[in-house]
Amino acid sequence: MSATATAPAQRPAAPAPTPRARRRARGWSLRAPLLPALIFTILVTQLPFLFTIFYSLRSWNLLRPDSGAFAGLDNYAYVLTDAQFLGAALNTVVITASCVLISMAVGIGLAMLLDRRFAGRGVVRTLLITPFLIIPVATALLWKTTMFDPVFGLVGFVLTPLGLGEVNWVAQYPVVSVVTALVWQWSPFMMLLVLAGLQSQSRDVVEAGQVDGANRWQMFTNVTLPHLRRYIELGVLLGSIYVVNTFDTIYMMTQGGPGTASSNLPFYIYQRTFLGFDIGQSAAMGVIVVIGTIVVATLALRLIFRTFMSDQEAKS
């Protein structure tokens with residue numbers, strides 16, 4: 001008796017993945033390690049912002065336990081017509097613009113000096129970076145007590161021959177005092193960015209300009225400054241994002257005073273929250289500030305990216 005063996009049926013081969021599927025799988029394999037950080041960022045930043053939006057739509061004051069009713073957009077309408085809020089917004093623009101522009105000008109000057117070779121350049125560079133490494137609270141106390149004190153301050157001592165020795169700078173010129181302290185703190189940051197740009201400049205271009213007979217001012221305006229444009233724009237953007245959130249310097253130096261003369265938006269929001277206990281209005285202020293910051297930062301980033309892309313196209 002003979003038995004015939006039948007060969008097992010072969011399964012059809014799986015189709016090969018398409019190039020698009022391979023690219024998608026590779027993309028997800030590259031993104032997967034970043035997912036925990038993305039989830040953490042969403043939990044830490046976006047959920048609190050959603051709660052802030054929720055609170056901004058309610059009339060909630062901690063001094064009135066029975067409050068908390070839905071108010072719609074009433075808080076936003078009140079905030080946008082509040083004279084103190086508008087004054088704080090104006091102070092924010094003035095302090096931010098003054099600090100960033102003056103710090104950038106000082107940073108460019110210091111970077112031009114440090115780009116030259118001289119004895120002790122490393123020590124001088126370290127000393128100039130030091131103000132940026134000091135915590136803002138210590139910086140504010142230093143300028144308030146050591147520099148601007150009307151009796152024992154160094155600024156008054158230096159300005160005594162000019163008849164300004166007894167001026168109470170913090171009380172009479174609070175915005176100027178705050179801007180001065182911020183400029184002292186942020187100038188080293190601008191200097192480092194500009195110095196990185198100077199050291200990336202091609203020496204061949206500089207030597208070609210010198211051979212053509214260009215003086216130092218012409219070299220700076222026609223060669224060096226256009227090359228530094230990307231670094232200056234980046235410094236202005238980063239400086240604006242950080243300085244617009246200044247709180248500790250104002251809190252330690254002026255407390256927003258006299259009155260609200262030196263209050264910026266973060267400090268005014270703090271006053272409405274922890275001194276006025278109005279959660280709804282302070283939340284509405286926070287939402288408005290965040291939206292305004294996002295709009296300005298987006299426009300600035302597009303300008304910077306456009307500059308980088310145009311430079312790359314010119315090099316290619």
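Let's start with a definition: the bend at a residue is the angle between two axes, one fitted to the seven residues ending there and one to the seven starting there.

First, what you're looking at. This is a predicted model, so local features need pLDDT of at least 70, side-chain atom pairs count only at pLDDT 80 or more, and totals for chains, interfaces and linings use all residues. Residues are numbered from 1 along each chain as its sequence is written, and side-chain values use heavy atoms, with hydrogens and water left out.

Now the record. UniProt, in an unreviewed entry, lists "domain: ABC transmembrane type-1" at residues 89–300. An unreviewed UniProt annotation also gives "transmembrane region" for residues 32–57, 88–114, 126–145, 178–198 and 283–305. The positions are in the numbering used here, feature names are shortened, and annotations like these may be inferred rather than shown by experiment.

What does the model show over residues 89–300? The chain there is 76% helix and 0% strand, with the end C-alpha atoms 19 Å apart. Helices (H or I, at least four residues) and strands (E, at least two) are DSSP runs, numbered from the N terminus. Residues 88–114 are 100% helix and 0% strand, and their end C-alpha atoms are 38 Å apart. Residues 178–198 are 100% helix and 0% strand too, with 30 Å between the end C-alpha atoms.

On to that helix. α9 runs over residues 174–199, and its 26 residues reach 38 Å from first C-alpha to last, close to the 38 Å expected at 1.5 Å a residue. The expected span is 1.5 Å times one less than the number of residues. Where does α9 kink? There's a kink of about 35° at Trp186, shortly before the proline Pro188.

Is α9 mostly covered or mostly open? Mostly covered: 19 of its 26 residues are buried. Buried means under 20% relative accessible area, exposed means over 50%, and partly exposed is in between (1.4 Å probe, protein chains only).

That brings us to the cores. A nonpolar core is a set of buried Ala, Val, Leu, Ile, Met, Phe, Trp, Tyr and Cys residues joined through side-chain atoms within 4.5 Å. The largest one has 27 residues, and Leu182 and Val194 touch the most other members. α4 (83–114), α9 and α12 each supply at least two residues of this core. The largest share, twelve residues, comes from α9. There's also a second, separate core of eleven residues, including Phe85, Met285, Val287 and Val289.

Which residues does Val194 touch? Leaving aside neighbours within four places in sequence, Val194 is in contact with Met104, Ile108, Ala111 and Leu228. Contact means heavy atoms within 4.5 Å.

Next up is Ile232, which sits in helix α12 (residues 229–243). Ile232 is buried, with a relative accessible area of 17%. Apart from neighbours within four places in sequence, its contacts are Met104, Ile108 and Leu225. As for α12 itself, it has 15 residues and reaches 21 Å from first C-alpha to last, close to the 21 Å expected at 1.5 Å a residue. Its buried residues include Arg230, Tyr231 and Glu233.

Time for some aromatic rings. Rings of Phe, Tyr and Trp (its six-membered ring) pair if their centres lie within 6.5 Å; planes under 30 degrees apart count as stacked, over 60 as edge-to-face and the rest as tilted. By that rule there are 19 aromatic pairs. Why is the pair of Trp169 and Tyr173 tilted? Their ring centres are 5.5 Å apart and the planes are at 40°, so the pair counts as tilted. Trp169 is buried at 17% relative accessible area, while Tyr173 is partly exposed at 40%. Ring pairs also link Trp143, Phe148, Trp169, Tyr173 and Trp184 into a cluster.

Most residues other than glycine have a negative phi, and most peptide bonds are trans. Now look at the loop between α13 (248–253) and α14 (265–275), where Pro258 lies. The peptide bond from Gly257 to Pro258 is cis, with omega near 0°. Gln255 is in the loop between α13 and α14, and has a positive phi of about 55° although it is not a glycine. Phe277, in the loop between α14 and α15 (279–315), has a positive phi as well, near 60°. Gln255 is partly exposed at 42% relative accessibility, and Phe277 is partly exposed at 31%.
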